[in-house]
Amino acid sequence: MERILWVVGLLLCFLLGLYLMYRGWQNRAKRQAERIGELPPVPAELGAQLLEPTTGLYLGSTIAPSWQDRIAVGDLGFRATAELTRFEHGILLERAGAPAIWMPQESISVVRTERGHAGKVMTEGGVLVVRWTLPTGTEIDTGFRGDDKTVYPAWTAAPSRPTTGDDEG
């Protein structure tokens with residue numbers, strides 16, 4: 001009988017832990033909701049394709065500059081297989097089982113490689129990270145681990161902000 005009480009007690013502690021983790025995630029989402037707002041919609045015209053699609057794993061998005069401050073709003077914090085494509089007007093991240101994420105060219109600060117992102121740690125330069133600004137003005141990092149890491153130099157060499165001459169005074 002004593003053993004059964006121990007098992008039931010441990011099971012209740014485990015369930016309480018799960019419930020508290022769930023509540024923590026929900027509270028984080030409420031705190032971040034205003035900062036994140038609505039994501040930019042995917043436009044009808046993406047422009048010319050600059051880089052071939054890259055398949056891999058979407059690692060999640062974090063509030064910059066922290067590589068571990070995962071965004072809990074909507075489905076931005078959940079990992080998914082994905083395809084990343086660079087177009088003239090921005091970067092399109094198409095995720096399996098989730099809506100696509102559009103990063104407009106004018107909001108992209110830098111595309112770089114990192115060792116880790118959103119709790120996922122890899123070898124040096126194993127994660128491709130896009131830093132971009134949401135319409136609310138919040139700067140976030142979106143992490144992607146490509147199946148083929150040899151394409152990373154092409155991604156990091158591409159210009160981040162538009163480089164037209166009429167932007168300069």
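Four salt bridges are counted in this predicted model, a salt bridge being a side-chain nitrogen of Lys or Arg within 4 Å of a carboxyl oxygen of Asp or Glu. Because the model is predicted, local features are reported at pLDDT of at least 70 and side-chain atom pairs at pLDDT 80 or more, whereas totals for chains, interfaces and linings use all residues. Residues are numbered from 1 along each chain as its sequence is written, and side-chain values use heavy atoms, with hydrogens and water left out.

One of these salt bridges links the side chains of Arg 95 and Asp 75, with an N to O distance of 3.1 Å. Arg 95 belongs to strand E3 (residues 90-95) and Asp 75 to the loop between strand E1 (49-63) and strand E2 (80-87), so the pair ties together parts that are 20 residues apart in sequence. Helices (H or I, at least four residues) and strands (E, at least two) are DSSP runs, numbered from the N terminus. Arg 95 is buried at 7% relative accessibility, while Asp 75, at 24%, is partly exposed; buried means under 20% relative accessible area, exposed over 50%, and partly exposed in between (1.4 Å probe, protein chains only).

Arg 112 takes part in a salt bridge with Glu 114, in which the closest N and O atoms are 2.7 Å apart. Glu 114 is partly exposed, with 29% relative accessibility. A salt bridge also joins the side chains of Arg 112 and Asp 141 (3.2 Å, N to O). Since Arg 112 lies in strand E5 and Asp 141 in strand E9, this pair ties together parts that are 29 residues apart in sequence. Both Arg 112 and Asp 141 are buried. Through shared partners, salt bridges connect Arg 112, Glu 114, Arg 131 and Asp 141 into one network.

The strands E5 and E9 are part of an open sheet of 7 strands, ordered E4-E3-E2-E1-E9-E8-E5 with antiparallel pairing. At its edges are strand E4 (101-104) and strand E5 (108-114), each of which pairs on one side only. Neighbouring strands of this sheet are turned by 30° against each other on average, direction ignored; axes are lines fitted to C-alpha atoms, for helices over the stretch in contact, and angles run from 0 to 180 degrees between N-to-C directions. Two strands are taken to pair if DSSP finds at least two bridges between them. Strand E8 (residues 127-133) and strand E9 (residues 139-146) are paired in the antiparallel sense over 6 bridges, and Trp 132 has Ile 140 in E9 as its bridge partner.

The loop between E1 and E2 also contains Leu 76, which is buried at 4% relative accessibility. Leaving aside residues up to four places away in sequence, Leu 76 touches Ile 36, Leu 39, Tyr 58, Gly 60, Ser 61, Ile 71, Arg 95 and Ile 101, contact meaning heavy atoms within 4.5 Å. The C-alpha atoms of Leu 76 and Thr 62 are separated by 8.5 Å, the two residues being 14 residues apart along the chain. Pro 65 is found in the loop between E1 and E2 as well, and a cis peptide bond, with omega about 5°, joins Ala 64 to Pro 65. Most peptide bonds are trans.

Leu 11 lies in helix H1 (residues 2-36) and is partly exposed, with a relative accessible area of 47%.
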